[in-house]
Amino acid sequence: MSYVKGLKCRECHRHYPVQAVYVCEFCFGSLEVDYDYDRIKSVLTREKIQSGPASIWRYRELLPIDGEPIVGLHAGFTPLFKAHNLGKELGLKELYIKDDSVCHPTLSFKDRVVAVALTKAKELGFRTVACASTGNLAGSVSAQAALAGFNRFVFIPADLEVGKIVGPLTYGANLVSVEGNYDEVNRLCAEIAATYRWAFVNVNIRPYYAEGSKTYGYEVMEQLGWHTPDNIVVPVASGSLLVKIWKAFNEFKKLGLINEVTCKIHAAQAFGCCPVVTALKEKSDIIKPVKPKTIAKSLAIGNPADGPYAIDAMRESGGTGESVTDEEIIEGIKLLARTEGIFTETAGGVTVATAKKLIEQGAISKKESCVICITGNGLKTQEAVNDHIGKPYRIKPTLDSFQKTIRNEAKIKPDIWETR
Ligand SMILES: *Cc1c(COP(=O)(O)O)cnc(C)c1O
Ligand SMILES: [Zn+2]
């Protein structure tokens with residue numbers, strides 16, 4: 001049972017049937033899934049959602065699949081919790097973390113989009129799936145396509161972190177390391193998608209894939225007790241997640257599941273790749289492509305496909321954006337780890353550092369609530385922090401060595417040394 005009417009051009013609003021297409025033949029605008037909201041409204045209630053599975057599929061009426069989901073049965077429904085310690089440090093009483101660093105099965109929010117994309121790929125009759133990835137998508141496509149029994153081809157820039165390469169190889173995907181940046185990988189993938197009948201999750205079936213990101217926004221509202229936060233800080237690569245969180249908020253409003261959308265959406269980017277934040281600050285509608293140079297490789301898209309829509313969403317919501325340096329990203333990762341015990345990847349460092357900056361600037365009021373989006377796991381980007389966290393104390397296995405080394409050399413608070 002599906003509530004999808006078809007695809008619709010985001011620019012000229014022409015309609016298309018459900019198929020593996022992503023650009024409008026008339027105006028080259030990008031295509032988006034179009035739903036019958038009246039019919040959804042007649043069946044979807046808070047109670048219905050709450051009685052559903054503890055995964056993204058509790059919102060399946062708002063996802064573009066016809067039959068049963070085939071993968072991602074445990075994806076999503078990740079923790080949202082009040083960050084007391086970090087909130088104290090940043091001066092915010094109502095600060096929350098939405099934590100997709102523990103999303104099943106590959107520890108990033110990409111498990112949401114891939115679950116929807118692969119289910120749709122099967123419905124559309126594909127046998128081979130592929131993607132152009134900045135890292136996390138590669139892992140998620142490799143893992144979930146293994147489960148679903150697809151042939152799988154995964155394309156990445158050659159300079160990715162070890163943790164993002166080991167995953168796809170272990171899951172048994174054909175991993176293609178391209179000597180170029182993500183934008184070059186993506187261009188190559190568009191050519192390959194035009195040549196072979198493969199489902200490229202973020203190219204020819206992108207309209208379906210992207211809908212999976214809405215579940216992140218649905219969960220934030222449901223977990224906050226059916227309302228939006230006053231602010232949300234979202235990491236931006238292609239801009240799709242940000243755009244879809246905004247869409248999710250507005251869909252819930254349209255369906256009467258929340259009363260109003262009160263949320264300002266803020267973009268977080270790395271200084272070495274911030275085309276969206278730059279355009280926002282220059283009050284421009286045109287995104288000037290950049291050559292990425294940042295440790296936040298998962299966000300290193302210099303020519304973001306959904307950039308203009310992300311800018312629309314931020315302006316409409318009254319939000320803003322900031323960029324942060326590599327040093328600030330590392331400090332952001334360490335700050336979250338030290339205060340909340342969450343080890344996030346570089347993208348999470350970007351969001352934490354950006355949130356801190358926006359709070360200091362007053363762009364996020366200390367009187368308001370704020371959700372920080374954590375979208376990936378720190379174990380995959382250990383290179384980023386390795387040289388910035390010190391080393392373990394090394395001792396001989398004797399009390400004497402312990403006391404000499406730790407007690408005499410380490411600068412630890414004296415009250416620890418109370419004896420029995
Ligand atoms: C892909 C990714 C993003 C951003 O995704 P877009 O939807 O392309 O903006 C954010 N965080 C992490 C960890 C990612 O892998
Ligand atoms: Zn069009």
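Okay, some housekeeping. What you see above is a predicted model, where local features need pLDDT of at least 70, side-chain atom pairs count only at pLDDT 80 or more, and totals for chains, interfaces and linings use all residues. Residues are numbered from 1 along each chain as its sequence is written, chains are lettered from A and ligands numbered from 1 in the order in which they are written, and side-chain values use heavy atoms, with hydrogens and water left out.

Let's start with the sheet. When I say helix or strand, I mean a DSSP run (H or I of at least four residues for helices, E of at least two for strands), numbered from the N terminus. Two strands pair if DSSP finds at least two bridges between them.

In what order do the six strands of the open sheet come? They go 4-5-13-10-11-12, and the pairing is mixed. At the edges sit strand 4 (80-82) and strand 12 (321-324), each of which pairs on one side only. From one strand to the next, the twist averages 25 degrees. About angles: axes are lines fitted to C-alpha atoms, for helices over the stretch in contact, and angles run from 0 to 180 degrees between N-to-C directions.

Now look at strand 13, residues 370-374. On one side there's strand 5 (residues 95-99), which runs parallel to strand 13 and is joined to it by five bridges. Find Leu95 and you'll see it standing opposite Cys370. Strand 13 also pairs with strand 10 (residues 231-235), again in the parallel sense, over three bridges. There, Ile232 has Val371 as its bridge partner. Carry on from strand 10 and you reach strand 11 (residues 264-270), parallel too, with five bridges between them. Pro235 is partnered with Ala268 in strand 11.

Why is strand 13 described as largely enclosed by the rest of the structure? Because five of its five residues are buried. Buried means under 20% relative accessible area, exposed means over 50%, and partly exposed is in between, using a 1.4 Å probe and protein chains only. Both faces of the strand are covered, with Cys370, Ile372 and Ile374 buried on one side and Val371 and Cys373 buried on the other.

Next, helix 14, residues 346-361. This helix lies across strands 10, 11, 12 and 13, running at about 120 degrees to strand 12. Thr346 belongs to helix 14, and at 0% relative accessibility Thr346 counts as buried. Contact means heavy atoms within 4.5 Å. Beyond its neighbours within four places in sequence, Thr346 is in contact with several residues, among them Glu161, Ile295, Lys297 and Thr381.

Helix 9, residues 214-223, is another one to click on: nine of its ten residues are buried, so the helix is largely enclosed by the rest of the structure. The buried ones include Lys214, Tyr216, Glu219 and Met221. After the helix comes Gly225, with a positive phi near 85 degrees.

Back to charges. Side chains of opposite charge can pair when their charged atoms come close. Which residue does Glu219 form a salt bridge with? Lys98, with the closest N and O atoms 2.6 Å apart. Glu219 is in helix 9 and Lys98 in strand 5, so this pair ties together parts that are 121 residues apart in sequence. Both Glu219 and Lys98 are buried.

A second pair is Glu211 with Lys247, at 2.9 Å from N to O. Glu211 lies in helix 8 (residues 206-211) and Lys247 in helix 10 (residues 240-254), so parts 36 residues apart in sequence are tied together. Glu211 is buried at 0% relative accessible area, and Lys247 is buried at 14%. These two also belong to a network of salt bridges that links Glu32, Glu211, Lys214, Lys244, Lys247 and Glu251.

Lys357 sits in helix 14 and Glu328 in helix 13 (residues 326-340), so the pair ties together parts 29 residues apart in sequence. Glu328, at 28% relative accessibility, counts as partly exposed.

Methods: Salt bridge = Lys/Arg side-chain N within 4 Å of Asp/Glu carboxyl O.
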